[in-house]
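Please look over the sequence and the structure below.

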Amino acid sequence: MPIGRLRPKEIFSTLFVIAAIVVFGVRPAISAEQNIVVFAAASTADVVGAIVVEFERRTGFQVTTSFAGSGTLAKQVREGAPANIFISANRKWLDYLAKEDLLVEGKYKEIASNQLVLVAPKEERLADPFVIDNLPLMLDGGFLAIGNPDHVPVGIYAKAALQSLKLWDALKGKYVALPNARAVTALVEREEVSFAVIYETDAKRSKNLKIVTVFPPDSYPAIIYGLSLIKDFDSHAAKAFYQFVLSPEGREIFDQYGFVTLKN
């Protein structure tokens, strides 16, 4: 309401709030429109968490994050979940939302890439040299942990790599399919499985795992993380977060967490 239409007491209160902001640096309460909800692939939990901390420090906006498998999050958006930003571990689930006309046109950006590795618990004794062709035999009654190959990106990549290496059929009945990348990492960290196929960034940040081998890059589709604004939820605050992720500062944080940033 314009000041000219306020009663004297209301005018005084309004001017006091303005003076407090100017003189004391007091920030007014953040409105609901300034809150941001980010849906992001589980494998980005650490890096997105760090970006959120820095973004909130700089802007005063509040960010709520939800981390899960990219497919799970995409389906939640499709069902009407009020997310502003979606960060997926593959293009498939961004294309899924684009076909449903749920993304802001022209706002899809590829932001980073990753690699696929086979890991084992740090103290696990392994043959030297390690020959991945022997993986089915080395399980010896144990299991390999992977993401669900039907809809979890890390599982989709794992299946493609194992098929390329002619190992997929031999591993049937010998793997455990999990709902997201973090669940896969956690299971092998607890030594509940002998091996797991995970992202290199997750492997390098774990103190309890060792990388057994790096899958050949041509054995699976390129691992590309994509970012987009959700249609009808692209508020001013959401656009500011989107731009910060793409900024040199945002890309530097991705670099710090082991991702390879991509130029747009």
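**Aromatic pairs and helix packing**

Phenylalanine 130 and phenylalanine 195 are both buried, where buried means under 20% relative accessible area with a 1.4 Å probe, protein chains only. The model is predicted: local features need pLDDT of at least 70, side-chain atom pairs count only at pLDDT 80 or more, and totals for chains, interfaces and linings use all residues. Residues are numbered from 1 along each chain as its sequence is written, and side-chain values use heavy atoms, without hydrogens and water.

**Aromatic rings**
- The structure holds eleven aromatic pairs, counted when ring centres of Phe, Tyr or Trp (its six-membered ring) lie within 6.5 Å.
- Phenylalanine 130 and phenylalanine 195 form a tilted pair, with 6.1 Å centre to centre and 50° between the planes; planes under 30 degrees apart count as stacked, over 60 as edge-to-face and the rest as tilted.
- Phenylalanine 130 lies in the loop between β5 (116-121) and α5 (135-139) and phenylalanine 195 in strand β8 (residues 195-199), so this pair ties together parts 65 residues apart in sequence.
- Phenylalanine 254 and phenylalanine 259 are edge-to-face, because their ring centres are 5.4 Å apart and their planes stand at 80°.
- Phenylalanine 254 and phenylalanine 259 are buried.

**Whole protein**
- Of the 264 residues of the protein, 45% count as buried.
- The secondary structure comprises ten helices and eleven strands, which are DSSP runs (helices H or I, at least four residues; strands E, at least two) numbered from the N terminus.

**Helix contact**
- In α3, Ser70, Gly71, Ala74, Lys75, Val77 and Arg78 meet Trp93, Tyr96 and Leu97 of α4, contact meaning heavy atoms within 4.5 Å.

Note on methods
Buried means under 20% relative accessible area, exposed over 50%, partly exposed in between (1.4 Å probe, protein chains only).
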